[in-house]
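Hi,

Here is the structure I said I would pass on to you.

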Amino acid sequence: MFFRQLLNDETACASYLFGCKSKSRFAVVDPHADLVDDYIGLAETQGIPIVAVFETHVQADHVSGLPALVDRTGATAYLPAGAGVDFEHVALADGDVVELGNTI
C-alpha cells in the first residue's frame, strides 16, 4: 500500500493519495485544485496511474481539484449519493466498496 497526505497550507485542507502498488492503481481523496500537479507528479514518480478520485463531501472549504484530475488522468469520479452535482460520477452510499487492487 502507498499512502501520502498532502496539505494546502493556506486553507489547512488535507487530501490523500493512496493505493495499491502491486496492482498499479492509485486514488485521490478530497483533492484541492492547487495540488493537482502534486498528485499527478507523485503518482508519476511511482509509475502508477490515478484511476479514482473521491470527494467525501461537496467542498465548501476549498476549490475541488476533482474536475481537473478526472480530465487530466481519465480517472473515475466518486461522490456521495445525493451530492447534487450534475457531472458524470459514481454515486456511493454507505457500505459501498471500491477496490483498488489489493487495497479497499
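Predicted model: local features only at pLDDT ≥ 70, side-chain atom pairs only at ≥ 80, totals over all residues.

Average pLDDT for the chain is 90, and 94% of the residues score at least 70. Confidence is highest in helix H1, at 97, and lowest in strand E6 (residues 90-92), where the mean is 91.

**The sheet**

Start with the strands. There are six of them in an open sheet, in the order E1-E2-E3-E4-E5-E6, and the pairing is mixed. From one strand to the next, the twist averages 20°.

H1 lies across E1, E2, E3 and E4, and runs at about 155° to E1. H2 packs on the sheet too, touching E3, E4 and E5, with its direction at about 165° to that of E4.

H1 covers residues 36-46, and its buried residues are Val36, Tyr39, Ile40 and Ala43. Why do they line one face of the helix? Looking down the axis of H1, the buried residues fall within an arc of 95°, so they share one face.

What do the buried residues of H1 pack against? The list is strand E1 (2-8), strand E2 (13-20), strand E3 (25-29), strand E4 (50-54) and helix H2 (66-73). After H1 comes Gly47, which has a positive phi, near 70°.

**Aromatic pairs**

With a cut-off of 6.5 Å between ring centres, the count is three aromatic pairs. Two of them are worth a click.

One is Phe2 with Phe26, a stacked pair at 4.8 Å centre to centre and 25° between the planes. Phe2 sits in strand E1 and Phe26 in strand E3, so this pair ties together parts that are 24 residues apart in sequence. Both Phe2 and Phe26 are buried.

Another is Phe3 with Tyr16. Their ring centres are 5.7 Å apart and their planes are at 25°, so this pair counts as stacked; the cut-off for that is under 30 degrees. Phe3 is in strand E1 and Tyr16 in strand E2, 13 residues apart, so here too the pair links distant parts of the chain. Are these two buried or partly exposed? Phe3 is partly exposed, with a relative accessible area of 45%, and Tyr16 is also partly exposed, at 25%.

**Leu66**

Next, pick out Leu66, which is found in helix H2. Its relative accessible area is 3%, so Leu66 is buried, given that buried means under 20%. Which residues does Leu66 touch, leaving out those up to four places away in sequence? They are Pro31, Val53, Glu55, Ala77, Leu79 and Phe87. For Glu55, which is 11 residues from Leu66 along the chain, the C-alpha atoms of the two are separated by 7.6 Å.

**Two loop residues with positive phi**

Finally, two residues to check in the loops. Ser24 has a positive phi of about 55°, although it is not a glycine. You'll find Ser24 in the loop between E2 and E3, and with 33% relative accessibility it counts as partly exposed.

Asp30 is another residue other than glycine with a positive phi, near 50°. Its place is the loop between E3 and H1. Asp30 counts as buried, at 9% relative accessibility.

Cheers

Terms used. Residues numbered from 1 in each chain as written. Heavy atoms only, no water. Buried < 20%, exposed > 50% of the residue type's maximum accessible area, 1.4 Å probe, protein only. Helix = DSSP H or I, 4+ residues; strand = E, 2+ residues; numbered from the N terminus. Arc of directions from axis to C-beta. Contact = heavy atoms within 4.5 Å. Phe/Tyr/Trp six-rings, centres within 6.5 Å; stacked < 30°, edge-to-face > 60°. pLDDT = per-residue confidence, 0-100. Pairing = 2+ DSSP bridges. Axes fitted to C-alpha atoms, helices over the stretch in contact; angles between N-to-C directions.
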